[in-house]
Amino acid sequence: MRNVFARLSPRTRSVLTQILVVTGVAIVSVIMGYSLVEARSLSLLLLAAVLLPLLMVKPYWSAMLLVVSAFSLQYATSLGLLPGTTSLVQDMLALVLALAIGLRLISGRRTVSLAGGTWFLAWVFILALGAMANTAPLVPAVLGLRALLRFMPLLFAPAVLGWSEPENRRLAVTMIVLTLLQAPVALFQFLLRSEQSGDTVGGTIGTFSSGLLTVLVVAMTVWLVGLMIYRVVPARLVLIGVAALCVPPALNETKIFFVVAPLIWAGFILPRTRRNFGAALLAVVALAAGVALVLQAYSLAYGNKIERSNTVEWLIESQQQSDKGVLGRIPSIAFAYEQNTDSPTNALFGYGIGSVTRNEQVGVVGELVARFGTLVRNVSFLVRSMLEMGLLGMIAFGGMLVALFTTARRVEKTDEDGFWKAAALGAQAMIVTYTVMSLYNSTLLADAIACTLWCTCGIVAARHASYAEQDDLEYESPIQLLEREDAEGIFT
């Protein structure tokens, strides 16, 4: 998607700029008012008042703080180190980025090709139509959009704001380091757990986020091994990193690791090593050792839970949970399909954004939560998408992911820098892993998952946009060539 604002008149762009600024100021005022009146957090208000002007001058640091907060804020609030209302700081950081993106596009000073931009606009338009068709209440709809869009400015900011290659590289390294830090945190949580369960071993992702942490490390392992394949980082350091990333799933009792990890690792890593026997051997040994480590640690920590999960008693126990009003993963998909087929509107647009929202902090529940209670509580991202977006919304969202995947694939094939080839490989692994795991849990609603996906795709898309920008600068038509040579006096 090219910047269509560049074609507007200066007066029209000025009016749009004023509207955008006023809207941003209004939203910030609402957030600050809530933090002072409802949350009674004067410190949060002062922090926002100090940070906002500084970050508007340098939006890049807003992105960096947003990435760090995605890996730390939920854990800090669960420990009682910060109040729950501190999450409003994330909203302000995202708003700063969104305002900077909007102002840059409206100014017409930068024309870039945004990977997935057209699909993104179509998706937002369909969400708006669905909300209007279902007359969705305003507050649940806003909270539902907030959950989906909070980290999406990271997808467009690197290309639109024209961040430099070193700046984008720092964002990538920050995400890798924060993921590696999950290993010591997970070990600490495992040693202090109060019961024979690994559900609380979620690293800094949040309380009871063990499954989400496993999804994150599976995808990030592909990125790490890519750094070895493309000769960016020495093999010994990558092997240490892979071992560290295998620590959380070895301790947090996520059986899905034994299915997802081999499939993702084999599908993305082995095809890249078929011409390099040494790299292939190292990759196979490292990944096989990682799976063996997880299996051995799992057996030692949790005994016979793997065997028990295949017994009739375990199936009966799971059914009893469903009878208590908690739907399993497969029944929840059937439930969403049955609800959506009630009418053509629901089939196409779902029940509207926010219909599955449940925010205890402000006491707001969506329409379906009010009707069905725990049946739609903690559903997977797929089920939530079916109920809130409908068929058209899911197609548009899927189209955006496909566009981002093909862009990352193109960067991996054409870029000469091994670091960005590995980053593009990591982006592809994240898109596939997170999409597949949306059947299992609420992947793209988790801070760290959404942040790593959109930020990684954003910096890779910015790398691709730099190619197009360079091509535009270097290309010179025959007529332009003759005019330039004539102006330089070559013909005289």
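Arg-150 is buried, as is Asp-447, where buried means under 20% relative accessible area, exposed over 50% and partly exposed in between (1.4 Å probe, protein chains only). The two residues form a salt bridge, with their closest N and O atoms 3.7 Å apart; the term stands for a side-chain nitrogen of Lys or Arg within 4 Å of a carboxyl oxygen of Asp or Glu. This is a predicted model, in which local features need pLDDT of at least 70 and side-chain atom pairs count only at pLDDT 80 or more, while totals for chains, interfaces and linings use all residues. Residues are numbered from 1 along each chain as its sequence is written, and side-chain values use heavy atoms, leaving out hydrogens and water.

**Salt bridges**
- The structure holds 11 salt bridges.
- Asp-91, Arg-146, Arg-150 and Asp-447 are linked in a network of them.
- Glu-412 pairs with Arg-272, their closest N and O atoms being 2.9 Å apart, and both residues are buried.
- Lys-58 and Glu-167 also meet through their side chains in a salt bridge (3.2 Å, N to O).
- At 37% relative accessibility, Lys-58 counts as partly exposed, whereas Glu-167, at 12%, counts as buried.

**Around Val-369**
- Val-369 counts as buried, at 10% relative accessibility.
- Leaving aside neighbours within four places in sequence, Val-369 is in contact (heavy atoms within 4.5 Å) with Ser-355, Val-356, Thr-357, Arg-358 and Val-376.
- The C-alpha atoms of Val-369 and Arg-358 are separated by 7.0 Å, and these residues are 11 apart along the chain.
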